[in-house]
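Biologist: I am new to this structure, and I would like to learn how to read its features one by one. Could you give me the general idea each time, and then the case at hand?

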Amino acid sequence: MKHTTHLPERRPVLDRNGAAIAAPPPARTTTRRRPASQQWAAWAFLAPVTLYLALFYAYPLYRNLDLSLRDYTVRSFVQGDAPFTGLENYRKVFDDPAFGPALTHTVLFTAVCLFFQYSIGLALAVFFHQHFRLSATLRALFLVPWLLPLIVSASTWSWMLNSDSGVVNAALHAVGLDPVNWLTSPQWSLTSVIIANIWIGVPFNLVVLHSGLQSIPHSLHEAAALDGASAWRRFRSITFPLLRPVSAITLLLGLVYTLKVFDIVWIMTKGGPVDSSTTFATWSYRLGFGNLLPAFGPGAAVGNLLVVAALVFGLVYLRVQRKQAMS
């Protein structure tokens, strides 16, 4: 026989005359508001960052967009009365005969630089991860190209690849090969700036990927080695998969940087000869500032194409990261 327990009924409270007294309403739970001093302190900390982003990011982007949508001349640029033309400047850019070669050079320059910078940087990161003697010293020496000003690096490579007195052609002559017109030949000018940019970008990949390798537990490699896995198998099955998040951000930052490379190309070849090394960055500068009659609108339109390309790849990266986090 089951026994059930009944809770005692809640009896109403009665006054002297026997009438029931209404129960008081339940107490409301109120959320504690932050003091005004804390709110002002939070806004004070946010104000410098907000002001910096507005002045150096939002306003320049707005001005560049406004330049690309109006017919600016030198006079209208000063007076501010340029007529609105809509997408006419973008149509001029797409119809320009230089658009196709500039797009091809930009894609080749970016893809080849990213591939070799990442590959060489990853190989060096794995090499220096062995912790042998003088590894820290050699790793510091590899950072020199990254620390040098770009004008110094570009000038150095211009001297090394000089057709007459360059050290590269001297080395080719020493082994019995014909000299190459690295900077003055349409067949080699783009290759020359690619080599220089790879040399500059490798240290960044080395530093970021080396820090990513240090976050991988060493016990995983020890367990795989005990199971008989070779060094290549451990790299392919353990190191490279666990390094994917670091690799993704490294490639994204390298892509954004390489898309906007201007100093190296302009100092070494100025986009020539015969536009053989012209990219969107150098073409935008030449349209806006490289002629006696500057075309501010088309130059800004080319710059906006670079911004859109970087934004698209950034959104793709965020989408991939979100899918990996949900899986």
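**Pockets, helices and one loop**

Biologist: How much space lies in the second largest pocket?

Modeller: The second largest pocket holds about 400 Å³ of space. A pocket is found on a 1 Å grid over the protein atoms alone, as an open set of points where a 1.4 Å probe fits, with protein on both sides within 12 Å along at least five of seven lines, and its lining residues have an atom within 4 Å of a point. Grid points are joined across faces, edges and corners, and the volume is the space filled by probe spheres set on them. Please keep in mind that this is a predicted model, in which local features need pLDDT of at least 70 and side-chain atom pairs count only at pLDDT 80 or more, while totals for chains, interfaces and linings use all residues. Residues are numbered from 1 along each chain as its sequence is written, and side-chain values use heavy atoms, with hydrogens and water left out.

Biologist: Which residues lie nearest the centre of the second largest pocket, and which elements give two or more residues to its lining?

Modeller: Of its 16 lining residues, His 129, Gln 130, His 218, His 221 and Thr 239 lie nearest the centre. Helix H9 (189-214), helix H10 (218-226) and helix H11 (231-242) are the elements that give two or more residues to this lining, where helices are DSSP runs of H or I with at least four residues, strands are runs of E with at least two, and both are numbered from the N terminus. By class, the lining has seven nonpolar, seven polar and two charged residues; Ala, Val, Leu, Ile, Met, Phe, Trp, Tyr, Cys and Pro count as nonpolar, Asp, Glu, Lys and Arg as charged, and the others, Gly among them, as polar.

Biologist: What is the volume of the largest pocket, and which element gives the most to its lining?

Modeller: The largest pocket has a volume of about 910 Å³, and among its 29 lining residues Leu 61, Asn 64, Gly 303, Asn 304 and Val 307 are the closest to its centre. Two or more lining residues come from each of helix H1 (36-68), helix H12 (244-259), H14 and helix H15 (296-326), with H15 giving the most, 12 residues. Its lining divides into 21 nonpolar, seven polar and one charged.

Biologist: How many helices and strands does the chain have, and what share of its residues is buried?

Modeller: There are 15 helices and two strands, and buried residues make up 32% of the 327 residues. Buried means under 20% relative accessible area and exposed over 50%, with partly exposed in between, for a 1.4 Å probe and protein chains only.

Biologist: Is Thr 278 buried or exposed, and what does its side chain reach?

Modeller: Thr 278 is in the loop between helix H13 (263-268) and helix H14 (280-289), and it counts as buried because its relative accessibility is 4%. Its side chain reaches the backbone oxygen of Gly 271 at 2.8 Å. Taking contact as heavy atoms within 4.5 Å, and leaving aside neighbours within four places in sequence, Thr 278 is in contact with Pro 101, Ala 102, His 105, Gly 271, Trp 283 and Arg 286.

Biologist: What should I look for in the backbone of that loop?

Modeller: In general, most residues other than glycine have a negative phi, and most peptide bonds are trans. Here the peptide bond from Gly 272 to Pro 273 is cis, with omega near -5°, and Pro 273 lies in the loop between H13 and H14. Lys 270 is in that loop too, with a positive phi near 55°. Val 274, also placed in the loop between H13 and H14, has a positive phi of about 55° although it is not a glycine, and it counts as exposed because its relative accessibility is 75%.

Biologist: Where is Thr 106 placed, and which residues does it touch?

Modeller: Thr 106 is in helix H4 (residues 99-128) and is buried, at 6% relative accessibility. Not counting residues up to four places away in sequence, it touches Leu 259, Thr 279 and Phe 280. A polar atom of the Thr 106 side chain lies 3.0 Å from the backbone nitrogen of Phe 280.

Note on methods: A polar contact is a pair of N or O atoms within 3.5 Å; within protein, one must be able to donate a hydrogen and the other to accept it, and residues adjacent in sequence count only if both atoms are side-chain atoms.
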